[in-house]
Amino acid sequence: MSDGSPPPVAEPRWPVILAVLAVGGLYTALPSSLTIGPKWTQLAIAAALLIPSTITHARGNVWLNVILGHVIGVVLTLFMIWSLVLLIRALPAHKEPPVLLLRSAAALWITNILVFAQWYWRLDAGGPHQRDTREGHTEGAFLFPQMTLRDEGKRGAFWSPRFVDYLFLAFNTSTALSPTDVPVLSRWAKCMVMTLAIISLTVVVILVGRAVNLM
């Protein structure tokens, strides 16, 4: 550690836990025709995985904690994609009323943001465990503005992204269909940003537009 630099501070995990639980809660707002099994299935699975994930993090078992985190991400992503497919399939048959389509589209749009935000947070620069060991965030898949302020005494000297930074990135991508003020550097991140934008475009333009036309 360089002289005069503050020690690395571990990032709190509660914002990610809230985001995972929020995704499970949004899933319960979907109609039964757009869910797999009971509406509480995703929330129950996510909560069941969060318990050992929290314990392994507290005990410092990084390897198992990372695996559990990725499993949570995969579960949330699969449930979201399956609900989106079911919603698109229901459009030509007019199986769902317009108001229900709007509610479902809104839930999936928010879910899309939360799911990709946690993926960015889990994968960027080796993940949160690796970022916690560094004095500052100098390189990664995304070029945050603070990373350009590395001179001693400036705000970005010891700055490291938190979950809210990745949430902001996902929100901007979902609304503007671009990462706005955060350039994307790595190929895997570019693929994920494109996927997020495609899902958002599908939900907003096709699903919401169709629901409004039916009203």
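This is a predicted model: local features need pLDDT of at least 70, side-chain atom pairs count only at pLDDT 80 or more; totals for chains, interfaces and linings use all residues.
Local features need pLDDT of at least 70 and side-chain atom pairs count only at pLDDT 80 or more, whereas totals for chains, interfaces and linings use all residues. Residues are numbered from 1 along each chain as its sequence is written, and side-chain values use heavy atoms, with hydrogens and water left out.

Helix 1 (residues 14–28) and helix 4 (residues 98–123) pack at an angle of about 150°, with their axes 10 Å apart; helices are DSSP runs of H or I with at least four residues, numbered from the N terminus, and axes are lines fitted to C-alpha atoms over the stretch in contact, with angles running from 0 to 180 degrees between N-to-C directions. The two helices are therefore roughly antiparallel, a term for angles over 145 degrees. The residues in contact (heavy atoms within 4.5 Å) include Val16, Val23 and Leu26 of helix 1 and Ala107, Thr111 and Arg122 of helix 4.

One cavity of 30 Å³ or more is found in the whole structure, a cavity being a set of points on a 1 Å grid over the protein atoms alone where a 1.4 Å probe fits but cannot get out.

| Lining of the largest cavity | eight residues | three residues | no residues |

Here Ala, Val, Leu, Ile, Met, Phe, Trp, Tyr, Cys and Pro count as nonpolar, Asp, Glu, Lys and Arg as charged, and the others, Gly among them, as polar.

Conventions:
Angles under 35 degrees count as roughly parallel, over 145 as roughly antiparallel, 65 to 115 as roughly perpendicular and the rest as oblique. On a 1 Å grid over the protein atoms alone, a cavity is a set of points where a 1.4 Å probe fits but cannot get out, and a pocket is an open set with protein on both sides within 12 Å along at least five of seven lines; lining residues have an atom within 4 Å of a point. Grid points are joined across faces, edges and corners, and a volume is the space filled by probe spheres set on the points.
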